[in-house]
Amino acid sequence: VKNLHLLHPDQIELAKMLLVLRQSHLFQHWPEPGVEDKRKKAFFAQVAKLNSCYPGGLASYVKNAKELLADSKEGKNPYDGFTPSVPTGDKVLSFGDDNFIRFEEAGIKEAQDAAFVLVAGGLGERLGYNEIKVALPAETTTGTCFLQLYIESILALQEASSRLSQGTCQKEIPFVIMTSDDSYSRTMNLLESNSYFGMKPTQVKLLKQEKVACLDDNDARLALDPHDKYKIQTKPHGHGDVHSLLYSSGLLKIWHDAGLRWVLFFQDTNGLLFKAIPAALGVSATKQYHVNCLLFNEKQKKPLEELPDSLTVMDMKLTSGRLMVINVEYNQLDPLLRANAHPDGDVNCETGYSPFPGNINQLILELGPYIEELKKTGGAIEEFVNPKYKDASKTFKSSTRLECMMQDYPKTLPPSAKVGFTLMGTWLAYAPVKNNPEDAAKVSKGNHYHSATSGEMAIYRANSRILQKAGVKLEDPVPQVFNGQEVEVWPRVTWKPIWRLTFSEIKSKLRGSCSISQRSTMALKGRNIFLEDLSLDGALAINSIDGAKVKVGGLIRNKGWSLESIDHKDSGIPEELRTRGFRINKIEQLEKTYSEAGEFNF
Ligand code: UGB
């Protein structure tokens, strides 16, 4: 009370609110006026920010926290009353068949009416990489980082979509990146120092999510920062923030007014994602899904204790009869199954994998119904709390906070909402980079490592298999161990998204009979490169401008590029190589650059 005169009237209101919320411990320790007054004012500036960034303000935050903490203390399962079942509907979309090609075409048509949203507020502590994760090379043959790959993929989609609709000028596909205090400036720097990887700066918009207040106990007392007694401790609220941020930024309305129809959400390190996007968007459009979740098959039965939870999806039926297609956290799935006539929990079926598919966390939302829903909710997503308890007394080991996930969006939708999914083969659609070498090496053989090593190898495997499906003869992969992880090493095939996005496009780039040996590397950086009766046994790199039409054929043999194991603990080696446990030794290659328009054969 003695300090009240230091504050502005609106800060006094905030102080009163904190008292009503029983948060007086936050300033009980404050010294007499005249001592550290500036820091006292700064404290209220932070309170004002925390209050304005949460829908309903701090009063709602504390109220929600109390309820969720009470449920958690009681051990209440949020899925009580639901009966889980494996989702029904279409089976796995099979790459390259007629159905797949039809969906890809439909998706390409729709792409010009889409906006893309990347959630990249996390720092990737689990990966042990000190930079932002989107700066990490997706593969080291070309060194293309994830952000570049994503931007070039969106630009290629934009171009293909406008070509298909024979539009006179290309519609620019908006690209939003949700960042946080941890990632905002580094993401901006990465974009600016690389000329936005070819995208117009006006096409890219960075949003920033704020952290939320930490909670010290079951009464939702806000936690003070252990290093600063004039600051409330904060932690990330989760990727679910993306919905309220998109809504409050006004972008959804702008997109709607501009006639856009789809919003696609995706995560920071999946180098395969855009191979699945055209078909998945085609599924959304054809089936008129309001929400389409991308799923992968061959989900491991149970992650190791050391690894974080992943998600799965299923149809869930409430006893009252409501059917909900929803993602369920792995740690909630097992108890849920056990309580519902599956005494062994989530176990593998005859395929050797869990019958429940995994969640890639790529969502496609139809913009119209999405806006209507957000007008009601403001983008608030059902939250959860995950306190780590000391013992049976249920006091906390350390402070906790409320969290939310973007994939929980459908939870509040009315039963009439069309929520569906697109199931793809893992090899085509999902290879995230999340785990550091030590943790990945603990994953049992045959399961997904989700490391930089497996992420890179998955790109070569997918590209090789795509070429194989299109008729190219490829030698079988060989197993190799890097960073303690056994991976299949396929020919190191890479191409720019502009070379090929869909299966039909790739077929149009191949002629005659082509073959590639296992030890080969092929990097295609150009739009009009055609492979004709090519027999490659070594390394081939082609760079060409749009106007150059290059036909590559005949026998190309050289010493090539080999993969050399490195020690991930050797701090003298760059981190982005150490995370994958190998580097590329460029011994000999055929490299050609075409910087002038014309037709070329070699
Ligand atoms: N992210 C943010 O933008 N803000 C945040 O506050 C937190 C994260 P993680 P997670 O792919 O297998 C997700 O940490 O949370 C961004 C799904 O929830 O990589 O463990 C962050 O930058 C889970 O259902 O993943 O689990 C990154 O781009 C499952 O699908 C993204 O959010 C799992 O991914 C995901 O953050 C998976």
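## Aromatic rings, charges and cysteines

Ring pairs join Phe-116, Phe-146, Tyr-150, Phe-175, Phe-266 and Phe-274 into a cluster. Rings of Phe, Tyr and Trp (its six-membered ring) pair if their centres lie within 6.5 Å; planes under 30 degrees apart count as stacked, over 60 as edge-to-face and the rest as tilted. This is a predicted model, in which local features need pLDDT of at least 70 and side-chain atom pairs count only at pLDDT 80 or more, while totals for chains, interfaces and linings use all residues. Residues are numbered from 1 along each chain as its sequence is written, and side-chain values use heavy atoms, with hydrogens and water left out.

**Aromatic pairs**

- A pair of aromatic rings is described by the distance of the centres and the angle of the planes.
- The whole structure holds 26 aromatic pairs.
- Among them, Trp-30 and Phe-43 have ring centres 5.3 Å apart and planes at 90°, so this pair is edge-to-face.
- Trp-30 lies in the loop between α1 (9-20) and α2 (37-53), and Phe-43 in helix α2, so the pair ties together parts that are 13 residues apart in sequence. Helices (H or I, at least four residues) and strands (E, at least two) are DSSP runs, numbered from the N terminus.
- Trp-30 is buried, with a relative accessible area of 12%, and Phe-43 is buried at 0%. Buried means under 20% relative accessible area, exposed over 50%, and partly exposed in between (1.4 Å probe, protein chains only).
- The rings of Tyr-79 and Phe-82 have centres 5.9 Å apart and planes at 80°, so they too form an edge-to-face pair. Both Tyr-79 and Phe-82 are buried.

**Charges over rings**

- Arg-465 lies over the face of Trp-427, 4.4 Å from the ring centre. A charge sits over a ring if NZ of Lys or CZ of Arg is within 6 Å of the ring centre and within 35 degrees of the ring normal.
- Lys-586 lies over the face of Trp-561, at 4.5 Å from the ring centre.

**Cysteines**

- A disulfide is a covalent bond between the sulfur atoms of two cysteines.
- A search of the whole structure finds zero disulfides (pairs of cysteine sulfur atoms within 2.5 Å).
- For Cys-53, the nearest cysteine sulfur is that of Cys-404, 13 Å away.
- Cys-53 is partly exposed at 42% relative accessibility, whereas Cys-404 is buried at 3%.

- Asn-601 is in strand β30 (residues 598-601) and is exposed, with a relative accessible area of 58%.
- The C-alpha atoms of Asn-601 and Arg-461 are separated by 28 Å, and the two residues are 140 residues apart along the chain.
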